[in-house]
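Here are my notes on this one, jotted down for you to check against the viewer. Have a look first, then read on.

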Amino acid sequence: MLSTVVEKLKTSLPASILEVKDFRSETTIHVKKDDIVKVSTFLRDDSDCLFEYLSDLCGADAYTPENRFEVVYNMYSISLKHRLRLKVFVEENDLHVPSVTTVWPGAGWPERETYDMFGIVFDGHNDLRRMYMPEEFEHFPLRKDFPLMGIPDSIPLPRK
Amino acid sequence: MLQKDTKKAEAGAATAVHEAEPKKSKILQALEDKDTSVQFTDPLENEMILNMGPQHPATHGVLRLLVKLDGETVVASVPELGYLHRGYEKLAENCSYHEFIPHTDRLDYISPLMNNTAYVLAVEKLLGVEAPRRAQFIRVIISELARISSHLLAVGALGLDIGAVTVFMWTFREREKLYDIFEQLTGARFTTSYTRIGGISQDMTDETKQAIQDFVTQFPPQLAECEGLLNRNRIFVERTDGVGVMSKEMAIAMGFSGPNLRGSGVAHDLRRSEPYLVYNELDFNIPVFNDGDSLARYYVRVNEIKESIGIVQQALDKIPAGPVHAFAPKKVLPQKERVYTKMEELIHDFMLINFGTAPPVGEVYHAVEGSKGELGFYIQSKGEGHPWRLKIRSPSFMNLQSLPLLLNGRMISDVVAIIGSIDPVMGEADK
């Protein structure tokens, strides 16, 4: 089933796809960062893909000099009942990714959460604020270089 | 003298103005908190900003909601999360796969057994092990009991928010019986930590099975009584019918899931769409209602409770005898009896406890149909004993995202009814 999706994507947008991986019968497609909106719009609208439901969007920190961060899109098709995962790499010195809120409006909060936790900025998001941490907080907690115990005095206590 | 007085008065007025300036800005500062995008425009106009929570009893936990009101109508609303953020995803990266199981209890604390099951299923998919059939049946039973418990709370709390206090008492009476069963089964009422990677912590005894059977037998009339208080209750129906409407297309686009999605007319249930455990051997229906309002979501929940009773009954009838722990050396904890008597198992136990199980390098996402919706765990593994990255796809978080869509344009009195009908649990939404 998913081979048709991958084939179709490969024939329609060959320049956008970097790599296709298969693990435990789950397909992950690495996509060029700037093409993510194009690819997700195609996957949502194409009659063989129909990924109209974005299950989840999250970031991850590989902690490598190149391709340090990644943004992971877990999609599901309610009509065709299959899953697919997209992935884009984000460099540490260029933390901008195009937002997919135009494709799936439900990506709004997960993108805010990813911004909050990793500092990845989603261009085109209309309300990119921190999700959980206070707005004054300067660090990004889920990065690997953020210590588990936290950074002392990084959260100001309310003054009387 | 008179001159002096006026001078004094003038000076007083000047200082008063001077003092009023920072005071006013403090209030404004609080209202124009950077955490919110609601702007405090003109206090003399009709619009006012109301801050609900994070300690408001009707927001079901520590949900903070800022609503901008024009008279009694909600013009804009901003939910604010993070008051229960404990950083579980960071914690998960620093403890072994087994050590994280107790943390899953604290996600959706209304149905901990469901979270336990969802988490170990994701890890098992990563490891490539499968629990024995008896353990799978027990997992189905506990998942459905957790669903009943969660939906009973949702229905009762929705009634309570609207003013029907009796329903809340009656559903809690039933939930108390469920907690007794959980205690008998797992040893704890709330924080169950019952499942293990590759199985469950202890087998279900015949007494527990009988207790579950007794509950299933006596429960339907009790549920009918609760329903009788609400279904044709004019106040309840008028407070929920046509309130908080979510269209089918919008529900899918916004990532609605679970009973909320099915209340909007989408027949999507992961137990049927992507069968896990032994759900494809069991016979049950998926209740779907098309209205998309609070009443539809209530009906979905009540009907799902009835389906869950059927599932538990079937699972109790079909449950086979056998082990409840998979035999997979170096991946799954060995049996305690063998650890004390066999050298190999002792070594494996030592390695698993100290360094954790070693999955292959890779990433998996596994989702189950939780009581609130699609509960998924996305795990990235680098072959170590602890996850490199663990993302919890919490249904309450995604469901709450649509709250402004449901609230805007409604009356202030509908706010609690709509929050109640979405049934968020903040432990899960804030992670």
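This is a predicted model: local features need pLDDT of at least 70, side-chain atom pairs count only at pLDDT 80 or more; totals for chains, interfaces and linings use all residues.

1. Residues are numbered from 1 along each chain as its sequence is written, with chains lettered from A and ligands numbered from 1 in the order in which they are written.

2. The contact draws 29 residues from chain A and 35 residues from chain B (C-beta atoms, placed from the backbone, within 7 Å). On the chain A side, β2, β3, β4 and α3 each give two or more residues, and β3(A) gives the most, with six. Elements here are DSSP runs numbered from the N terminus: helices are H or I with at least four residues, strands E with at least two.

3. Over in chain B, strand β7 (residues 374-382) has eight of its nine residues buried, so the rest of the structure largely encloses it. Buried means 20 or more other C-beta atoms within 10 Å of a residue's own, with C-beta atoms placed from the backbone.

4. β7(B) runs antiparallel to β6(B) (residues 361-369), with nine bridges between them; strands pair if DSSP finds at least two bridges. B:Val368 sits opposite B:Leu375.

5. B:Gly376 has B:Arg393 as its bridge partner. In this hairpin, six residues lie between the strands, and B:Gly383 has a positive phi near 80 degrees.

Terms used. Two residues are in contact if their C-beta atoms, placed from the backbone, lie within 7 Å. A residue is buried if 20 or more other C-beta atoms lie within 10 Å of its own, exposed if 12 or fewer, and partly exposed in between; C-beta atoms are placed from the backbone.
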